[in-house]
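Subject: Structure handover and notes

Dear colleague,

Please find the structure below, with my notes after it.

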Amino acid sequence: MKGRLIHISEDEKFINSANSQFEAAFENKNFFHIFKNNDDSELKYVLLEENVKIINSLEGVNKLLSTINKEDVVIFHSLSPRFISFINSLPKEIKTVWLCFGFEIYNDKNFFSVDILYDKITKKTFTYKEPIWIKIKIFLNKFYKIFLEHKEDNSQKLKAKAIERIDYLACSFEEEFNLVSKLIGQKKFFFPFWYYPLERIVDVNTNAKIIRNDILIGNSGTKTNNHLDIFKKIEHYNLNDRNVIVPLSYGDKMYIDHIMVKGRETFKDFFLPLDTFYNIEDYNNIIMSCGVAIFNNRRQQAVGNILALLWFGSKVFLSCKSTFYAFLKSLSIHVYSFENDLNENSINVLLNDKEIVQNRVVLKRVLSSEMLNQQLKQTIDSLLLDNYK
């Protein structure tokens, strides 16, 4: 290939893995430009390698724009507000890829109503009702509000223009791609990409297996985990004195405090919240005690956690409204529906050895570094760079 792969990203923990994968597929063809808001040259997550540069000024942005030519492909890691003007400044003949993180659509009320992600009890408990004085203030300041809405509308128009400009939409699997395409009302070319191959999540060369029958619920202290609805559903099940482990190391503090109280109230001494951040090795050692894992997320979330649990042999329940559930079922993975399959009997019957082995075989076939590397090469060769071979 004659052109370069120009990567535009922020200082995100996913980028090092992306750099490794793209370099494995197209060595010395990848150039990462990390957008920052200040002059601090220190990066928190991204390693400063030879092909990584920091951009923290308009001058740097303009200089980069002037170096991109029609043989290059520009890959945006998320659709951060910082990237919008850059995207809209690119000449039409330059091909662009948007690796969708999810927040660009799911956190934008113009594309998605977040209420859809909340189950009944979570929605009822955490729905915010504006006090009367706030309603009065909004009414009295309606003209100022109109001014603010005008500014927001302009920002939204620029975002919509940027989305229209994008040629390829990258998602991990086609079910998520179809949903995002539906939400933005546009059909892009599909660019499959996983930030984390299986080998970066678990050690596939060991025979590590679940060592106890504890129960894991959710992956973070965010409302989209719908913890309260899970607690309510299983609170009267006979759990045979198993620990209920709930990761709450990050998220919304008010929400976390509420889940802490409700968890102790519901499960007493068997409630074990994880309020400290663990590296991946230590975290995997913890979840290896969980014979059952329950995720009531209605959007793609906790993917790495779920893959690790499936590899170790956990029986995983996901919301049937999640695109990730549909994807795993399409692969014939042994995974179960929170809404339809979770009951007192199913929570006490773990996967057998045959089911665990089958899950591992499928995961390795689809998500190994080797397979994803081949897929990445084929995608770029066939969809993006045919004219430059």
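Strand 1 (residues 5-9), helix 1 (residues 15-25) and strand 2 form a β-α-β unit that is right-handed, a crossover counting as such if, with the strands pointing away from the viewer, the path from the first strand over the helix to the second runs clockwise. Helices (H or I, at least four residues) and strands (E, at least two) are DSSP runs, numbered from the N terminus. This is a predicted model, in which local features need pLDDT of at least 70 and side-chain atom pairs count only at pLDDT 80 or more, while totals for chains, interfaces and linings use all residues. Residues are numbered from 1 along each chain as its sequence is written, and side-chain values use heavy atoms, with hydrogens and water left out.

Strands around strand 2

Strand 1 pairs with strand 2 in the parallel sense over five bridges; two strands pair if DSSP finds at least two bridges between them. Within that pairing, isoleucine 8 stands opposite histidine 33 of strand 2. Strand 2 also pairs with strand 3 in the parallel sense, over four bridges, and isoleucine 34 has isoleucine 54 in strand 3 as its bridge partner. Strand 2 is largely enclosed by the rest of the structure, because five of its six residues are buried, meaning under 20% relative accessible area, with exposed being over 50% and partly exposed in between (1.4 Å probe, protein chains only).

The second largest pocket

Rolling a probe the size of a water molecule over the atoms shows where empty space is left. On a 1 Å grid over the protein atoms alone, a cavity is a set of points where a 1.4 Å probe fits but cannot get out, and a pocket is an open set with protein on both sides within 12 Å along at least five of seven lines; lining residues have an atom within 4 Å of a point. Grid points are joined across faces, edges and corners, and a volume is the space filled by probe spheres set on the points.

The second largest pocket has a volume of about 300 Å³. Its lining has 14 residues, and those nearest its centre are His33, Lys53, Ile55, Leu64 and Thr67. Two or more lining residues each come from strand 2 (30-35), strand 3 (52-55) and helix 2 (58-67). Helix 2 gives the largest share, four residues. By type, the lining of this pocket has six nonpolar, four polar and four charged residues; Ala, Val, Leu, Ile, Met, Phe, Trp, Tyr, Cys and Pro count as nonpolar, Asp, Glu, Lys and Arg as charged, and the others, Gly among them, as polar.

Helix 2 also holds serine 66, which counts as exposed because its relative accessibility is 57%. The side chain of serine 66 reaches the backbone oxygen of lysine 63 at 2.6 Å. The C-alpha atoms of serine 66 and phenylalanine 22 are separated by 23 Å, the two residues being 44 apart along the chain.

The cavity

There is one cavity of 30 Å³ or more in the structure. The largest cavity has a volume of about 50 Å³. It is lined by Phe295, Asn297, Arg299, Gln300, Gln301, Ile306, Leu318, Ser322 and Phe324, which divide into four nonpolar, four polar and one charged.

An open sheet of six strands runs in the order 10-9-8-11-12-13, with parallel pairing. Its edge strands are strand 10 (271-274) and strand 13, each of which pairs on one side only. Strand 9 (residues 244-247) pairs with strand 10 over four bridges, in the parallel sense, and the bridge partner of valine 246 in strand 10 is proline 273.

Loop residues

Asparagine 240 has a phi of about 55° and lies in the loop between helix 9 (227-234) and strand 9; at a relative accessible area of 46%, asparagine 240 is partly exposed. Lysine 268 also has a positive phi of about 55° and lies in the loop between helix 10 (253-267) and strand 10. Lysine 268 counts as exposed, at 53% relative accessibility.

Serine 346 sits in the loop between strand 13 (336-337) and helix 14 (353-367) and, at 9% relative accessibility, counts as buried. Its side chain reaches the backbone oxygen of aspartate 341 at 2.7 Å.

Regards

Note on methods: Polar contact = N/O pair within 3.5 Å; in protein donor to acceptor, adjacent residues only side chain to side chain.
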